[in-house]
Amino acid sequence: MMKYILIIGDGMADNPVEALGGKTPLEAANIPTIDRLSENGLLGSTVNCPKPLPAGSETAILSIFGYDPRTYFTGRSPMEAAASGISLAPGDTAYRMNLVALEDGEIPFEKRKILSHSAGSIAADDALEVVRTLEADETFAALLRRAQMKIYPFPAFRQIPVQKGADNTELVTIPPHDHLGEVIGPLLPTGCENAEELTRLMREAHRVLDHAPVNERRRAEGKLPANGIWFWAQGSALTLPSFREKFGHWGGVISAVPLCHGIAALSGLEMVSVEGATGEIDTNFEGKRDKALELLHRDDMDFICLHLEAPDECTHNGDLPGKLQSIEWLDSRILAPLFAALDEEKTDYRVLLLSDHKTLMATRGHDGSPVPFLLYDSTQPHGCGLGYTEKNAEHGPFIENGSELLRLLFQQEIQNETKGKV
């Protein structure tokens with residue numbers, strides 16, 4: 001049985017970086033396994049974040065899974081809610097609520113800067129303590145009741161609140177990771193009456209958290225505090241067509257990110273977690289590799305997706321060495337032994353590997369311009385002869401709609417226009 005493998009290196013693609021002598025991280029990284037697949041396969045570029053939708057994983061990964069975000073996107077948070085088994089009723093709005101680090105000092109709330117969209121990659125116990133601290137504060141709890149909002153806690157910087165009955169037709173919220181180092185006043189929610197409710201919650205959360213024991217301890221340990229919350233990515237309930245019915249294939253999704261698991265849950269794929277998978281550079285690379293091989297040995301599935309968040313998070317953190325290392329470890333610790341095992345077993349497989357969007361070292365934010373993809377077939381190991389880089393991909397076909405890529409993986413006819421030969 002042919003096995004189909006989707007590899008997403010979140011935020012791997014980038015623009016040239018001065019510190020790398022004008023190379024991109026993909027050009028500078030030592031990735032012999034990925035380059036071999038590219039050289040012996042098809043290399044091209046695609047757009048996963050069609051305008052005017054957000055340039056981020058919420059649109060990009062939905063697109064990569066074959067669901068055109070121009071049709072299906074209702075916001076990021078409903079997909080993340082689905083991963084946690086949270087059902088949204090009509091009239092409900094889900095949000096992403098990041099635990100963030102705001103600038104310290106005697107500064108008015110609106111004039112503080114966002115230092116970290118993830119409160120310094122806050123760990124599980126601290127994240128849960130932050131949420132408990134908020135909910136235990138009488139004033140903050142009263143504001144939650146007034147807003148008809150409930151927070152569903154998650155052991156990381158990502159939290160999911162659900163609000164009933166809010167009219168968010170004109171609500172504008174801003175992704176914090178795209179505005180690191182900027183003053184928050186102009187970035188706070190706007191556009192409708194509910195924006196004022198959200199801003200009140202954000203202001204009160206800062207008051208509660210700024211000198212809370214969990215954050216005083218974090219500062220003493222040399223860590224950034226989780227002294228703020230940030231609402232964004234609001235959305236209503238989402239329904240996706242069955243993946244099996246759409247493509248005739250079925251499988252599992254390996255990820256540490258709720259967004260990917262939410263798409264899996266909504267499309268009928270299996271959500272697969274790995275112990276020690278964090279979404280950061282300290283994630284369990286070998287565990288992800290072993291889980292991928294385990295799923296590929298199953299007779300009831302012929303498709304797997306393996307998603308690695310670390311390159312994206314390293315870029316948001318301004319960590320260029322970490323971005324390079326995470327890309328290289330994807331190659332050496334996951335893909336090299338995975339494909340060696342499949343080759344030794346004489347398993348036939350097709351691989352689609354790509355970055356979902358660019359994450360730029362220059363801005364520490366996302367960019368929706370074209371990204372490189374490679375398609376490799378172990379039964380036909382010949383191809384373009386070029387390594388996997390942004391520049392090399394420009395010599396191959398350009399697929400205008402990234403939601404068509406899975407049809408290439410599954411050897412199905414592409415329905416929309418492409419430029420170049422496929």
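This is a predicted model: local features need pLDDT of at least 70, side-chain atom pairs count only at pLDDT 80 or more; totals for chains, interfaces and linings use all residues.
I would like to start with helix α3, whose buried residues are S57, E58, T59, A60, I61, L62, S63 and I64, where buried means under 20% relative accessible area, exposed means over 50%, and partly exposed covers what lies in between, as computed with a 1.4 Å probe on protein chains only. Eight of the eight residues of α3 are buried, so the helix is largely enclosed by the rest of the structure.

Residues are numbered from 1 along each chain as its sequence is written, and side-chain values use heavy atoms, with hydrogens and water left out.

After α3 comes G66, which has a positive phi, near 95 degrees.

How does α3 pack against helix α11? Helix α3 (residues 57-64) and helix α11 (residues 258-267) meet at an angle of about 40 degrees, and their axes are 10 Å apart; here an axis is a line fitted to C-alpha atoms, for helices over the stretch in contact, and the angle between N-to-C directions can run from 0 to 180 degrees. That makes α3 oblique to α11, since angles under 35 degrees count as roughly parallel, over 145 as roughly antiparallel, 65 to 115 as roughly perpendicular, and the rest as oblique. The crossing of these two helices, α3 and α11, is right-handed, a word used when the near helix is turned clockwise from the far one by less than a right angle, with left-handed being the anticlockwise case.

On the α3 side the contact is made by S57, E58, I61 and L62, and on the α11 side by L259, C260 and I263, contact meaning heavy atoms within 4.5 Å. These residues of the α3 and α11 contact divide into five nonpolar, one polar and one charged, where Ala, Val, Leu, Ile, Met, Phe, Trp, Tyr, Cys and Pro count as nonpolar, Asp, Glu, Lys and Arg as charged, and the others, Gly among them, as polar.

Helix α11 also meets helix α5 (residues 76-83), and the axes of this pair come within 7 Å and cross at roughly 75 degrees, which makes α5 roughly perpendicular to α11. Here α5 contributes R76, M79, E80, A82 and A83, while α11 contributes P258, L259, H261, G262, I263, A265 and L266. By class, the contact of α5 with α11 has eight nonpolar, two polar and two charged residues.

My next topic is charge. Side chains of opposite charge can pair when their charged atoms come close. We count a salt bridge when a side-chain nitrogen of Lys or Arg is within 4 Å of a carboxyl oxygen of Asp or Glu, and by this rule the count comes to 26 salt bridges.

Which parts does the salt bridge between D92 and K164 tie together? The two side chains meet at 3.4 Å, N to O, and because D92 lies in strand β3 (residues 92-102) and K164 in strand β6 (residues 158-164), the pair ties together parts that are 72 residues apart in sequence. D92 is buried at 7% relative accessible area, whereas K164 is partly exposed at 46%.

A second example is found in helix α8 (residues 193-209), where R200 and E197 lie three residues apart, about one turn of the helix, and form a salt bridge whose closest N and O atoms are 3.6 Å apart. R200 is partly exposed, at 28% relative accessibility, and E197 is buried, at 15%. Salt bridges that share partners also join E58, R76, E80 and R96 into one network, and E58 brings us back to the buried residues of α3.

Key
Helices (H or I, at least four residues) and strands (E, at least two) are DSSP runs, numbered from the N terminus.
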